[in-house]
Amino acid sequence: MNEPMPGGRPGPELDPEPEAGPAAEPAEAALGPSGVPVATPSGPADPAPLGVGRTPTGVPDVDTRLDRLADADDLPVSGHLEVYEDVHRGLRDTLTALDRRPGPPAPPAPSS
């Protein structure tokens, strides 16, 4: 039944009771890199490592700080900031310490 809407125009026909149709089909599984179906989670995913590779710098203090970034892999996103700030603070301290280390003596000033 097409009931007129305000303004005299006919409105959409509304079914008071939706028809029972076939059950919703499950979503297709996503394919992984090798083409093998991978299960898609139905809710929020658990924390998982990002698997980002890192090349050691050869500077022990810096490598130790960068290794700390892996701690974020086991934390929910809300815990990442604390790890990132800790690593940033440590790297900044390491760089600041470079400015404090004595270097070779300055060359003598030329005499005029």
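Mentor: Let us begin with helix 2 of this predicted model, which has 21 residues and reaches 31 Å from its first C-alpha to its last.

Trainee: Why is His80 called buried?

Mentor: Buried means under 20% relative accessible area, and His80, at 18%, therefore counts as buried. His80 is found in helix 2, which covers residues 80–100.

Trainee: What does His80 touch, if residues up to four places away in sequence are not counted?

Mentor: His80 then touches Ala72 and Leu75. A polar atom of the His80 side chain also lies 3.0 Å from the backbone oxygen of Ala72, and a polar contact requires a pair of N or O atoms within 3.5 Å.

Trainee: Where is Ala72 placed, and is it buried or exposed?

Mentor: Ala72 sits in the loop between helix 1 (60–68) and helix 2, and because its relative accessibility is 5%, Ala72 counts as buried. Leaving aside neighbours within four places in sequence, Ala72 is in contact with His80, Val83 and Tyr84. Ala72 and Ala48 are 24 residues apart in sequence, and their C-alpha atoms are 9.3 Å apart in space.

Trainee: What makes the pair of Arg68 and Asp86 a salt bridge?

Mentor: A salt bridge needs a side-chain nitrogen of Lys or Arg within 4 Å of a carboxyl oxygen of Asp or Glu, and the side chains of Arg68 and Asp86 meet at 2.6 Å, N to O. Arg68 lies in helix 1 and Asp86 in helix 2, so the pair ties together parts that are 18 residues apart in sequence.

Trainee: Why is Arg68 called partly exposed?

Mentor: Partly exposed is the class between buried, under 20%, and exposed, over 50%, and Arg68, with a relative accessible area of 26%, therefore belongs to it. Asp86 is partly exposed at 22%, and Asp71 is partly exposed at 38%.

Trainee: With which residue does Arg68 form a salt bridge whose closest N and O atoms are 2.7 Å apart?

Mentor: That partner is Asp71.

Trainee: How do you know that Asp86 and Arg89 meet in a salt bridge?

Mentor: The cut-off is 4 Å, and the side chains of Asp86 and Arg89 meet at 3.9 Å, N to O. Both residues lie in helix 2, three residues apart, which is about one turn of the helix. Arg89 is partly exposed, with a relative accessible area of 41%. Salt bridges that share partners join Arg68, Asp71, Asp86 and Arg89 into one network, and the structure holds five salt bridges.

Methods
Residues numbered from 1 in each chain as written. Predicted model: local features only at pLDDT ≥ 70, side-chain atom pairs only at ≥ 80, totals over all residues. Heavy atoms only, no water. Helix = DSSP H or I, 4+ residues; strand = E, 2+ residues; numbered from the N terminus. Buried < 20%, exposed > 50% of the residue type's maximum accessible area, 1.4 Å probe, protein only. Polar contact = N/O pair within 3.5 Å; in protein donor to acceptor, adjacent residues only side chain to side chain. Contact = heavy atoms within 4.5 Å. Expected span 1.5 Å × (residues − 1).
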